[in-house]
Amino acid sequence: MPRKPVHLELAGGQSRRQRIWNRIRDMNGVEFDISDVTPGDVPIDNTRAFVASLACAGYLEIVQASGPRKRALYRLTRDSGVEVPRVTRQGTAVTQGQGNEALWGAMQALGGFNTRILAEMAGVKESTVKSYCKFLTRAGYLTIDREGKRKGHGGIATQYRLLTSRVNGPRPPMITRLKAVYDPNIHAIVWQQNADDAIEEMEAAR
C-alpha cells in the first residue's frame with residue numbers, strides 16, 4: 001500500500017513513524033509489544049511493519065518471537081537519537097533525499113549562488129537543482145538577487161541567496177508528491193501549491 005502524503009500522516013506536527021519511534025525510546029530499554037508503542041490514531045499494522053523494519057535494521061532485538069499463545073516482544077538496542085531512523089521495510093537505509101542534503105549544505109556554505117555552481121558543488125544534476133530552488137523560493141527560503149537572462153551558452157544564470165533566518169536546522173526542506181514544501185526540522189508544511197499556481201504551471205507548459 002502506498003504511503004500517504006506527508007501532510008496526511010502528520011499529527012501534532014510529527015509523522016506516524018516519528019511518533020512510534022518516540023514511544024519506543026520512551027520505553028527506556030524495557031521490552032515491549034506492538035500495542036505498547038502504537039499511538040491511538042495509528043493502525044496497529046503500521047506499527048507492526050515499522051517495528052519489523054527496525055528489527056531488520058538492527059535498532060531492535062526480538063526478545064520473544066510470536067507464537068500460538070505468545071506475543072512478540074522487542075527491546076531497543078540501538079538508540080540513534082530523537083530523529084526517527086530512515087529505513088525501508090527490509091531494514092536497509094533510505095538514501096532518497098541525500099541529494100537535497102548535499103544541496104542544503106552547499107547553500108549554507110555559499111550563501112549566494114546560481115544553479116550551475118550549486119550543482120557542481122553538491123554533485124547533483126542542474127535540472128534537479130533548478131526545481132529544488134524554484135520550490136524553496138516559493139516557500140521563502142531563497143531570494144532572487146538577479147534574474148537570469150537567456151539560456152545556453154552565453155546566458156546569465158539566476159542568482160539566488162539563502163535567507164539564514166529561514167534555516168531551522170540541519171535537515172533539508174522536502175518537496176512532497178503534492179508539490180508542498182515540508183520542513184522536517186520544525187515538522188511543518190511551510191508552503192502548499194494552490195489551484196492558481198497549478199493552472200499557471202500547466203498553461204506555461206503548453
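Are W21 and Y59 buried or exposed? W21 is buried, and Y59 is buried as well; buried stands for under 20% relative accessible area, exposed for over 50%, and partly exposed for what lies in between, with a 1.4 Å probe and protein chains only. The model is predicted, so local features need pLDDT of at least 70 and side-chain atom pairs count only at pLDDT 80 or more, while totals for chains, interfaces and linings use all residues. Residues are numbered from 1 along each chain as its sequence is written, and side-chain values use heavy atoms, with hydrogens and water left out.

The aromatic residues come next. Five aromatic pairs are found when the whole structure is searched. Rings of Phe, Tyr and Trp (its six-membered ring) pair if their centres lie within 6.5 Å; planes under 30 degrees apart count as stacked, over 60 as edge-to-face, and the rest as tilted. Helices (H or I, at least four residues) and strands (E, at least two) are DSSP runs numbered from the N terminus.

F135 and W191 also form an edge-to-face pair, at 6.0 Å centre to centre and 65° between the planes. Here F135 belongs to helix α6 (residues 126-138) and W191 to strand β8 (residues 188-192), 56 residues apart. F135 counts as buried because its relative accessibility is 5%, and W191 counts as buried because its value is 15%.

Two of the rings named above have an arginine over them. The charged end of R78 sits over the ring of Y59, 3.9 Å from its centre, and R138 lies over the face of F135 at 6.0 Å from the ring centre. A charge sits over a ring if NZ of Lys or CZ of Arg is within 6 Å of the ring centre and within 35 degrees of the ring normal.

V87 is in the loop between β2 (73-76) and α4 (98-110). Why does V87 count as buried? V87 counts as buried because its relative accessibility is 5%. V87 and L54 are 33 residues apart in sequence, and their C-alpha atoms are 7.3 Å apart in space.

I117, in helix α5 (residues 115-122), is partly exposed because its relative accessible area is 40%.
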